[in-house]
Amino acid sequence: MKRLPLVLLAGMSALGITILFTMTGLADDLYTFRDRGGPSYFTNVPGPGRSKVRLPLAKLQPQYSKISAIPRRGCTASPHGPDYSEVILSACKRFSVDPDLVRAVIKAESNFDPQALSPKGAMGLMQLMPDTARDMGVSDPFDPVENIHGGVGYLSRLLTNQNGDLIRALAAYNAGPTRVMTYGGIPPFRETWNYVKRVMNYYQIFKGKEDI
């Protein structure tokens, strides 16, 4: 399959990294490299000075963490979540998080279904686990306003704890910060690795304002 040109995503400087991907999807492999004294880059195209960061399949463990959320009875998901734009912007302004990143997380977690419930017990738009919801002061995880503010606050906390490393923060959102700390990066779980790539794929789409 022919590789497509890379696109540099804007608006990432506040997070301290720059992400490069094709606009049509992510390859199985990711590579990292650093400019002279500059930020770290992630790309799906190999080249001189680029180190592969894909985990060897032999070391990958069985799928971990939340299985894809399923709608609760009688609920209809909104694919683009237009009704939540104001809430997302409000929460992102409060916690200094990119709204397009939050939209990407919501798309990957619940497909914009505020009543989504995973088999593991994760709830609502941003699929908050019960302990996370309580920790973030969310009394009703199925309330879109509470869920988004709680989820964005949690994502902001993870970004801070991971020193602005978006990839590690997303891995922590999926698998938990303890596992990211234990493995020193994305844990060797297929579901977590695929989750990070899926969110980044949605992120670039929302950045480009393309339909999903």
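What percentage of the 212 residues in this chain is buried? Buried residues make up 50% of them, where buried means under 20% relative accessible area, exposed means over 50%, and partly exposed is in between, with a 1.4 Å probe and protein chains only.

Quick housekeeping. This is a predicted model, so to speak of a local feature we need pLDDT of at least 70, side-chain atom pairs count only at pLDDT 80 or more, and totals for chains, interfaces and linings use all residues. Residues are numbered from 1 along each chain as its sequence is written, and side-chain values use heavy atoms, with hydrogens and water left out.

Okay, the layout. We've got seven helices and five strands, and those are DSSP runs, H or I with at least four residues for helices, E with at least two for strands, numbered from the N terminus. Along the sequence the pattern reads β-β-β-β-β-α-α-α-α-α-α-α. Of the contacts with a separation of 6 or more, 51% come from residues 24 or more positions apart; contact here is heavy atoms within 4.5 Å.

Let's go to helix α1, residues 85-95. Its buried residues are Val87, Ile88, Ala91 and Cys92. Looking down the axis of α1, these fall within an arc of 125°, so they line one face of the helix; the arc is taken over the directions from the helix axis to the C-beta atoms. Remember that an α-helix has 3.6 residues a turn, so residues three or four places apart point the same way. On the other side of α1, you'll see Glu86, Lys93 and Arg94 exposed. And just after α1, Ser96 takes a positive phi of about 60°.

So what covers the buried residues of α1? The cover includes α2 (99-110) and α4 (144-161).

Take α2 to begin with. α1 and α2 pack at about 120°, with axes 9 Å apart; the axes are lines fitted to C-alpha atoms, for helices over the stretch in contact, and angles run from 0 to 180 degrees between N-to-C directions. That makes α1 oblique to α2, given that under 35 degrees counts as roughly parallel, over 145 as roughly antiparallel, 65 to 115 as roughly perpendicular and the rest as oblique. From α1, the contact uses Ser85, Ile88, Leu89 and Cys92, and from α2, Pro99, Val102, Arg103 and Ile106. By class that's six nonpolar, one polar and one charged, counting Ala, Val, Leu, Ile, Met, Phe, Trp, Tyr, Cys and Pro as nonpolar, Asp, Glu, Lys and Arg as charged, and the others, Gly among them, as polar.

Now α4. α1 packs against α4 at about 35°, with axes 9 Å apart. The α1 side of the contact includes Val87, Ala91 and Phe95, and the α4 side includes Val145, Ile148 and Val152. The classes here are nine nonpolar, four polar and one charged.

α4 has another partner, helix α5 (residues 166-175), packed at about 130° with axes 9 Å apart. α4 and α5 are therefore oblique to each other. Gly151, Tyr154, Leu155, Leu158 and Leu159 in α4 meet Leu166, Ala169, Leu170, Ala172 and Tyr173 in α5. That contact has nine nonpolar residues, one polar and no charged.

Last stop: Met181, in helix α6 (residues 177-183). Is Met181 buried or exposed? Exposed, with a relative accessible area of 63%. Met181 and Arg168 sit 13 residues apart in sequence and 9.2 Å apart in space, C-alpha to C-alpha.
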